[in-house]
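Here is a short briefing to read alongside the model. Have a look at the fold, and then we can walk through a few of its details together.

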Amino acid sequence: MGGNDTLRAAFDIDQLARALDLAMRALRADGAVLLTACLPNPGRALGLPRPLAAPLTRRTRALNTVVHVLARRYGAVHAHLAGCAWVTDRAARGVDRLHPSELGHRLLAREFHAALGRRGARLGPAPSVEPDGPPPTFADGTWWLATRGTRWVFDRCRDLLPDLVRQAALESGHHLTGTAHLLDARARAATRGALTATRGAPARALRAGSAA
């Protein structure tokens with residue numbers, strides 16, 4: 001939850017933190033064992049230039065900070081995917097470069113298997129990392145882009161791209177003046193404020209899909 005929000009112009013760390021807190025609190029109250037994961041940087045996965053990737057990096061860092069804090073708060077079994085070397089392996093990513101391939105899903109299952117084992121869960125053998133099918137090829141990615149991916153790119157061009165271009169211009173200006181650290185500090189302050197607001201927040205309904 002939350003990954004798609006980083007690719008929206010309306011990214012709101014306050015709303016995202018409230019939605020995640022509400023979902024995790026409700027699941028924990030029902031006795032569920034929570035599995036959480038921090039996410040890799042989408043800008044790096046998509047191969048974007050630095051001015052475009054930097055705002056996405058900042059958003060992903062904010063999201064991961066929220067997930068880390070809430071995972072500790074609710075005793076979740078957490079997988080640190082952002083630090084896993086395999087997430088940068090092209091074979092572990094699907095044709096859209098953002099979602100896991102079959103190999104990626106198998107590696108993710110193994111991460112959670114190991115994390116659950118460290119919690120003392122009684123488990124069977126670790127999942128195999130040998131895929132049943134071949135990894136995605138360049139031709140697969142080209143076909144996806146020409147069919148299903150066209151709509152995704154079109155939607156992002158209407159939603160994310162204008163906002164990302166504006167932020168890239170802001171990023172470039174701060175980079176030239178040596179004040180990029182101010183953007184980082186502002187993002188950290190917003191993340192701290194969002195997490196502080198979740199403490200003792202009432203369990204009220206949020207807009208549908210706010211953390212999709």
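**Overview**

The chain is built from 8 helices and 2 strands. Please keep in mind that this is a predicted model.

**The chain as a whole**

- Reading from the N terminus, the elements follow the order α-β-α-α-β-α-α-α-α-α.
- The chain has 212 residues, and 35% of them count as buried.
- Among contacts in the chain with a separation of 6 or more, 74% join residues 24 or more positions apart.

**R58 in helix α3**

- Helix α3 covers residues 50-73, and R58 is part of this helix.
- R58 counts as buried because its relative accessibility is 14%, below the 20% cut-off.
- Setting aside neighbours within four places in sequence, R58 makes contact with E171, A180, L183, D184 and A187.

**Helix α4 and what follows**

- Helix α4 takes in 17 residues (102-118), so at 1.5 Å a residue it should span 24 Å; the end C-alpha atoms lie 25 Å apart, which agrees.
- L103, G104, L107, F112 and A115 are the buried residues of α4.
- An α-helix has 3.6 residues a turn, so residues three or four places apart point the same way.
- The buried residues of α4 pack against both β1 (35-37) and β2 (77-79).
- Just after α4 comes G120, with a positive phi of about 90 degrees.

Terms used:
Residues numbered from 1 in each chain as written. Predicted model: local features only at pLDDT ≥ 70, side-chain atom pairs only at ≥ 80, totals over all residues. Heavy atoms only, no water. Helix = DSSP H or I, 4+ residues; strand = E, 2+ residues; numbered from the N terminus. Buried < 20%, exposed > 50% of the residue type's maximum accessible area, 1.4 Å probe, protein only. Contact = heavy atoms within 4.5 Å. Expected span 1.5 Å × (residues − 1).
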